[in-house]
Amino acid sequence: TSLVIQPISNLYTYFVPSTIAIERGITYEEAAQEFFAQEGFRSIDQITLHNGSKYKELSLEELQKHPLGIFLSAGMTFWTFFTHDSYATILENFGRIPLTYEHPPFSTLLSNPGEAISFGLGLLTKPEGVALGGRALWIIISALFFLGAYLYWRKEGASSHFFLMIGVVAYFALTTVIVGYGANGRFRVPVDPIILIFAVFALETIFSKGTHALKRVV
């Protein structure tokens, strides 16, 4: 028997609507409203340890109808785990900048690149541009993390502490998948130090090789 209900709550309220939304090209809100209406679901508080098995079965039953949505949503959430900056959420919680999207940004980038680019350029002229800058920063950090992990493995080999660090990051990334469109930077916070360590290692290696190459030229 499970002692916590959050995995089932996330599965039912976030992951299932996310798979439906991304597969059908509609917003999360539209998909959630349609899916929740089937059981008269109104609030996440309705899911308890007592009835959790019911909502788990309903979730798995619905997911079987959307294999493509599962794949796309899982891939998107894995990407979001590493790249989400949370700056927009922080600003919104402070009541400063309410950001809304007619479509999920990732879906819009695929379905209408022009609209997505126009939206991004529009943010640059507003305070909300900090969110766009934060996203770009974390994309760079994430790329450096993967590069750093690869370079460290090439240099030091497959040591136990290397697998431990990579395993912890992988655990948090994969368990976040069921959050779907609800994923944000706070899910990455426990492993941020590990991500930054490998990112710094990548930068150090790049600068070190660049310095050596420059010295040889000079």
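Is E62 buried or exposed?

**Exercise 1.** Classify both partners of the E62–K65 salt bridge in this predicted model by accessibility.

Solution. Start with the contact: the side chains of E62 and K65 form a salt bridge, with N and O 3.5 Å apart. Next, take E62: its relative accessibility is 9%, and the cut-off for buried is under 20%, so E62 is buried. Then take K65: its relative accessibility is 52%, and exposed means over 50%, so K65 is exposed.

**Exercise 2.** Locate the partners of the D85–R135 salt bridge and classify each one.

Solution. The closest N and O atoms of D85 and R135 are 3.0 Å apart. D85 sits in the loop between α4 and α5 (87-93), while R135 belongs to helix α8 (residues 129-156). The two residues are 50 apart, and the pair links distant parts of the chain. D85 has a relative accessible area of 5% and is buried. R135, at 31%, is partly exposed.

**Exercise 3.** State the accessibility of D192 and of R188, which meet in a salt bridge.

Solution. The N to O distance between the side chains is 2.8 Å. D192 has a relative accessible area of 15%, which makes it buried. R188 is buried as well, with a value of 2%. The structure holds five salt bridges, among them D192–R188.

**Exercise 4.** Compare the span of helix α4 with its expected span, and list its buried residues.

Solution. Helix α4 covers residues 67-83, 17 residues in total. From first C-alpha to last it reaches 24 Å, close to the 24 Å expected at 1.5 Å a residue. Its buried residues are G69, S73, M76, T77, T80, F81, F82 and T83.

How values were computed
Residues numbered from 1 in each chain as written. Predicted model: local features only at pLDDT ≥ 70, side-chain atom pairs only at ≥ 80, totals over all residues. Heavy atoms only, no water. Helix = DSSP H or I, 4+ residues; strand = E, 2+ residues; numbered from the N terminus. Expected span 1.5 Å × (residues − 1). Buried < 20%, exposed > 50% of the residue type's maximum accessible area, 1.4 Å probe, protein only. Salt bridge = Lys/Arg side-chain N within 4 Å of Asp/Glu carboxyl O.
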